[in-house]
Amino acid sequence: MPIDSIWSYAPELGPALRQDLTGYTVVADDGTIGHVDRQADPHGLCHLVVDTGVWVFGRSLLVPVGAVTGIDTGERKVALACTRAEVKAAPRFQTDSQTRDAAYLNQVGAYYRALPARGTGTG
């Protein structure tokens, strides 16, 4: 599977990229999604696993770090370049084994690549 920008942080995020984002609040353009449960980088495919709490019936979501538009270390907040509805409509994340499943990761990457481009910020 080729690695592309959807699996890499934007370079303009700078020093914040070296932060452990576990526990950070994750926000979309139109509101809070949940918090970072963990971040992973299997085979260079960097992504966040986001615990949505009760918003999406307690399920977790896998979000490629290329969707991150801002990291506010003071507020402990990660901003995404999408809406809550777009995140909710992403391919469903069910088990940790999917973080190593090439077919699933290709599906997630294609979904997020197809979303309309948005600005940067921390929501």
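In the predicted model, Val78 touches Leu21, Tyr24, Thr25, Val26, Val27, Val36, Leu48, Val68 and Gly70, leaving aside residues up to four places away in sequence. Val78 also belongs to the largest nonpolar core, which comprises 33 residues. Within this core, Val78 is one of four residues that touch the most other members, together with Leu48, Leu80 and Tyr112. At least two core residues are supplied by each of the strands β1 (25-28), β2 (31-40), β3 (47-51), β4 (60-64), β5 (68-72) and β6 (77-80), and likewise by the helix α2 (102-113). The greatest contribution is that of α2, which provides four residues.

Strand β1 pairs with both β2 and β6. The pairing of β1 with β2 is antiparallel and extends over four bridges, and these two strands form a hairpin with two residues between them. By contrast, β1 and β6 run in the parallel sense, with three bridges. Val27 takes part in bridges on both sides: its partner in β2 is Thr32, and its partner in β6 is Ala79.

Thr52 is located in the loop that connects β3 and β4. With a relative accessibility of 5%, Thr52 is classed as buried, because this value falls under the 20% cut-off. A polar atom of the Thr52 side chain lies 2.5 Å from the backbone oxygen of Arg59. Arg59 is also among the residues that Thr52 touches, the others being Ile33, Gly34, Gly58 and Leu61, again not counting residues up to four places away in sequence.

Technical notes:
Residues numbered from 1 in each chain as written. Predicted model: local features only at pLDDT ≥ 70, side-chain atom pairs only at ≥ 80, totals over all residues. Heavy atoms only, no water. Core = buried A, V, L, I, M, F, W, Y, C linked by side-chain atoms within 4.5 Å. Buried < 20%, exposed > 50% of the residue type's maximum accessible area, 1.4 Å probe, protein only. Contact = heavy atoms within 4.5 Å. Pairing = 2+ DSSP bridges. Polar contact = N/O pair within 3.5 Å; in protein donor to acceptor, adjacent residues only side chain to side chain.
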